Amino acid sequence: MSPPSSDTKFEIVHLEKASEEEIDRIVKVLGGAFEGDPFSSIVVGGYTDRPDIVHLQSRQSVAAAAIGGTIHVLKADGEIVGVAIWFKPGQSLNSTEEQRAAGWDEFVRVVPDDLRSWWVDYFIPLMSKSGKEAFGTGKNGEEYPLEAWHLHLFGILPQFQGKGYGKKLVQFAEAEATKDEKSGVMVVETTTDVDVIIYTKLGFEIKKQIAVESSAGNARLWFMMKHL
């Protein structure tokens, strides 16, 4: 898609029920937004030459969010060019059979044994343990991120980056979260120094930093929180 012009019409929309076509478009947008990102290689075990694995890894998250999450999209002249996938209070990724059947089950079935083990035996337990340590317990006694607006995936096509649209996507969710009596908190995990700077400017604070290891490389991951 060509860069925006002065005539480009932008809007942010809450996708109540994402269609299969919209899910595929979001996956494509995320692929463009994260192209060349080292952590994107880590989560597929370095199997970047396996487009089926790369596609399934991304699509399973989007499809699960379409069932049990919250999806906000940035549209340019009616076409999706950015996305923010949230799990608000009471929602979490792949927490139901329906969500897992939308993509996760297939992903863990088709990936090589080493990648399946990395996810199931290492990465998911690591994120769960570290998230509890980073975010603690919410005002209703539940552990975060179950009491927070949790930003799971966030991406904008490169030609639309650096123009303030990412900030507007976060603010769109913040306006909804402010009305949510169950929370008043937003959390995010991120893996780059640049993103830490961006989220800090948006009012998030670092709560914890961990190392993530894999056969495809190692990374740092930050847990960040914002009180509304």
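1. Y199 is buried, at a relative accessible area of 7%; buried means under 20% relative accessible area, exposed over 50%, and partly exposed in between, with a 1.4 Å probe and protein chains only. F204 is also buried, with 2% relative accessibility. The two rings form an edge-to-face aromatic pair, 5.6 Å centre to centre with 70° between the planes. Rings of Phe, Tyr and Trp (its six-membered ring) pair if their centres lie within 6.5 Å; planes under 30 degrees apart count as stacked, over 60 as edge-to-face and the rest as tilted.

2. On provenance: this is a predicted model, in which local features need pLDDT of at least 70 and side-chain atom pairs count only at pLDDT 80 or more, while totals for chains, interfaces and linings use all residues. Residues are numbered from 1 along each chain as its sequence is written, and side-chain values use heavy atoms, with hydrogens and water left out.

3. The structure holds 13 aromatic pairs. In one of them, F10 and F160 have ring centres 6.0 Å apart and planes at 80°, so this pair is edge-to-face. F10 belongs to strand β1 and F160 to the loop between β4 and α6 (165-178), so the contact ties together parts 150 residues apart in sequence. F10 is partly exposed, with a relative accessible area of 24%, whereas F160 is buried at 1%. One aromatic cluster is formed by F39, W104, F107, W118, W119, Y122 and F123.

4. Seven strands make an open sheet in the order β1-β2-β3-β4-β5-β7-β6, with mixed pairing. Its edge strands, β1 (10-15) and β6 (205-212), each pair on one side only. The twist averages 25° from one strand to the next. Strands pair if DSSP finds at least two bridges between them; helices (H or I, at least four residues) and strands (E, at least two) are DSSP runs numbered from the N terminus.

5. Strand β2 (residues 70-76) runs antiparallel to β3 (residues 79-87), with seven bridges joining them; K75 has I80 as its bridge partner in β3. These strands form a hairpin with two residues between them, and D77 in the turn has a positive phi of about 50°. Six bridges join β1 to β2, also antiparallel, with I12 partnered by L74.

6. Seven of the seven residues of β2 are buried. T70, H72, L74 and A76 point one way, and I71, V73 and K75 the other.

Notes:
Axes are lines fitted to C-alpha atoms, for helices over the stretch in contact, and angles run from 0 to 180 degrees between N-to-C directions.
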